[in-house]
Amino acid sequence: MAIRERLSGNEAVSTAIRQINPDVMPAFPITPSTEIPQYVSSYVADGLIDTEFVAVESEHSAMSATIGASAAGARALTATSSAGLALMWEELHIASSDRVPVVLALVNRALSGPININADHSDGMGARDCGWIQLYSEDNQEAYDNMVMAFRIAEHPDVLLPVMVCQDGFITSHAVQNLLLLEDEKVKNFVGEYEPEDYLLNAKNPMAVGPYAVSSYYMEARRSMAQGMLNAKKVIMDVAKEYENLSGRGYNYFEEYQTKDADYVIVVMGSATGAAKDACDKLRAQGKKVGVLKIRVFRPFPAEELAAALKNVKAIAAMDRAESFSGNGGPMAAELKAALFGARQYPEVLSMVYGLGGRDITVEDMEMIYADLEAGNFDCKELPYRYVNVRE
Amino acid sequence: MKGLTEIRWHGRGGQGAKTAALLLADVAFSTGAEVQGFPEYGPERMGAPITAYNRVSDKPIRVHSNIYAPDYVVVVDETLLEDIDVTAGLSEEGAVIINTAKDKEEIIPLLKGYQGRVCTIDARKVSMEALGMYFPNSPMLAAVIKVSGIMPEEKFLEEMQMSYEHKFASKPQVIEGNMKALKIALKEVKE
């Protein structure tokens, strides 16, 4: 029987960490993810888990210690946000190239400047090409479920890449909401014991981690990482199926909501999805053929599957909660367009940047976006893409 | 309770409006409802205006935006009435609940033409009588439960007793005072 609870997103992720009982958690606090190491350290102090909690002096050290622990053979994770992730930048690449299956709870927050503590995806999007698997969560339930699934994906021998479990800062991290938890024992059995094939503390099989690679080896190492990312697609689905059997909650690379016969679709990630779904329901009641597609797995990017799901769509609003300053629209929109082009599909794709630094997005905003798609209003004035709710 | 009830809290940093919103989410959850409780985070300073929100529904809540057309508004600090349009978007079927010692006739002119129910409670008086200290959030929580009718008073008191026992496990001497504040507030809120 599932446990009916009400928790904030940070409490939900912390609860999953308690149930997983990882070996090591190094962390340095930063808003809005601070509560995660705070809760976990209290679980340690209360004797609920035997995780080695390491209070470090920076996020760079947090990720370094997480990598070191994992290379030694431990199951390790950390948590951060915004500037904290930026300070981990170098180590994010070290983690993925060392093939250490660590997990990072990322509570998405805007990057400076101007300095801002609220939600957007510029931190996660900035780290999209670091060789990490990225799972984005719509709400507290998904943040919990993604955290429970994360180590299974990362540690799979065909993958061996780190996983970032993302949720929107404050919007879900600090909002108390209903969710269903699994019993501790079920999570423990689902995640299982960590038994790495190779690790530094295995004296019988000495190995090097992170050595120099000359030109004649470097590309092969990168190609092998790319293969891990490709292999992750199957593993993500296999883990999701097993998790569905356990929890009753099914997950895919993305969620399709009323898309089967939809002419106009909003493609979105994270907490804004609910507003799009409510707008979709209102317009469906008026007979409009509208839908929502929520991307959960951004890395690996499910290009072929997205194109197939959007095969019969006339117009798409691709909504990014991040500005990539490419001058050509948001990062998700760019990849979605590439996916559609690769499949020889040419619907209208309106790239929209919204919600930066916690700017609110409402059901009414989503209704207006659908209205523009239906009316063929793709005018973006001087930009090749559109800003939602911005003063000009 | 039917459908969706949306509540917006206006307070000042340090008065416990956020805590009250989270407590409301907790007690509504205990009745089997789907709930949301969340603050709007800005610059965090003591005394700065803050906003917090609740959604209570019989169906899963998917929207995470702020609340612009609430059913109820709770004003924890009446000095906010001069600076903030607290009844903006407030349903005329709903109500505004204000912490004040004044009569509502004195308050109504500050409400920018709001035509719905105006309820007042002197949370300072209630809190001083029950606790000997000024903590407005317990009286305001009781007031919004009474005015909105989102749950029966008996059930509310029962759940709050358990909630306080948990919250104040290390200082049980304040449980009785807080329970007293709730009970007085349920009677004192005026329309």
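Reader: Thanks! What is the strand order in the open sheet of six strands in chain A?
Author: The order is 9-11-10-13-14-15, with mixed pairing. Strands pair if DSSP finds at least two bridges between them. Helices (H or I, at least four residues) and strands (E, at least two) are DSSP runs, numbered from the N terminus.

Reader: Before we go on, what kind of model is it, and how are things numbered?
Author: This is a predicted model, where local features need pLDDT of at least 70 and side-chain atom pairs count only at pLDDT 80 or more, while totals for chains, interfaces and linings use all residues. Residues are numbered from 1 along each chain as its sequence is written, chains are lettered from A and ligands numbered from 1 in the order in which they are written, and side-chain values use heavy atoms, with hydrogens and water left out.

Reader: Good. Back to that sheet of six strands: which strands stand at the edges?
Author: Strand 9 and strand 15 (386-387) of chain A do; each has a single partner strand, so one side of each is left without a neighbour in the sheet.

Reader: And how do strand 10 and strand 11 of chain A pair, parallel or antiparallel?
Author: Strand 10 (residues 264-268) and strand 11 (residues 290-295) of chain A pair in the parallel sense, over five bridges. For a spot to look at, find Ile266(A), which stands opposite Val292(A) in strand 11 of chain A. Helix 10 of chain A packs on this sheet and touches strand 9, strand 10 and strand 11 of chain A. The direction of helix 10 makes about 165° with that of strand 11 of chain A. Contact here means heavy atoms within 4.5 Å. Angles run from 0 to 180 degrees between N-to-C directions, and axes are lines fitted to C-alpha atoms, for helices over the stretch in contact.

Reader: Which strands does helix 13 of chain A lie across?
Author: Helix 13 (residues 363-375) lies across strand 10, strand 11, strand 13, strand 14 (348-353) and strand 15 of chain A. Helix 13 runs at about 135° to strand 10 of chain A.

Reader: What about the open sheet of five strands in chain A, what order does that have?
Author: That one goes 4-5-7-6-12, again with mixed pairing. Its edge strands are strand 4 (77-80) and strand 12 (297-299) of chain A, each pairing on one side only. From one strand to the next, the twist averages 20°. Inside it, strand 5 (residues 103-108) and strand 7 (residues 163-168) of chain A run parallel over six bridges. One of the bridge pairs is Asn108(A) with Asp168(A).

Reader: New topic! How do helix 7 and helix 8 of chain A cross?
Author: The axes of helix 7 (residues 140-154) and helix 8 (residues 184-191) of chain A come within 8 Å and cross at roughly 35°. Helix 7 brings Tyr144(A), Val148(A), Met149(A), Phe151(A) and Arg152(A), and helix 8 brings Val187(A), Phe190(A) and Val191(A).

Reader: And which residue does Asp145(A) form a salt bridge with?
Author: Its partner is Arg249(A), with the closest N and O atoms 2.7 Å apart. Asp145(A) lies in helix 7 and Arg249(A) in the loop between helix 9 (215-247) and strand 9 (254-257) of chain A, so the pair ties together parts that are 104 residues apart in sequence. A salt bridge is a side-chain nitrogen of Lys or Arg within 4 Å of a carboxyl oxygen of Asp or Glu.

Reader: How much do chain A and chain B bury between them?
Author: About 1,900 Å², with 50% of it on carbon and sulfur atoms. Buried area is the accessible area (1.4 Å probe) that two parts lose on being put together, summed over both. Chain A gives 26 residues to the contact and chain B gives 22 residues.

Reader: How many salt bridges are there between chain A and chain B?
Author: Three. Among them is Asp278(A) with Arg62(B), whose closest N and O atoms are 2.7 Å apart.

Reader: Which strand of chain B is joined to strand 8 of chain A?
Author: Strand 2 (residues 34-40) of chain B; two bridges join the strands, which run antiparallel. Val176(A) has Gly37(B) as its bridge partner.

Reader: Last one: where is there a cis peptide bond in chain A?
Author: One is from Thr31(A) to Pro32(A), with omega near 0°. Pro32(A) sits in the loop between strand 2 (24-27) and helix 2 (35-45) of chain A. Another joins Ser112(A) and Gly113(A), where omega is about 0°.
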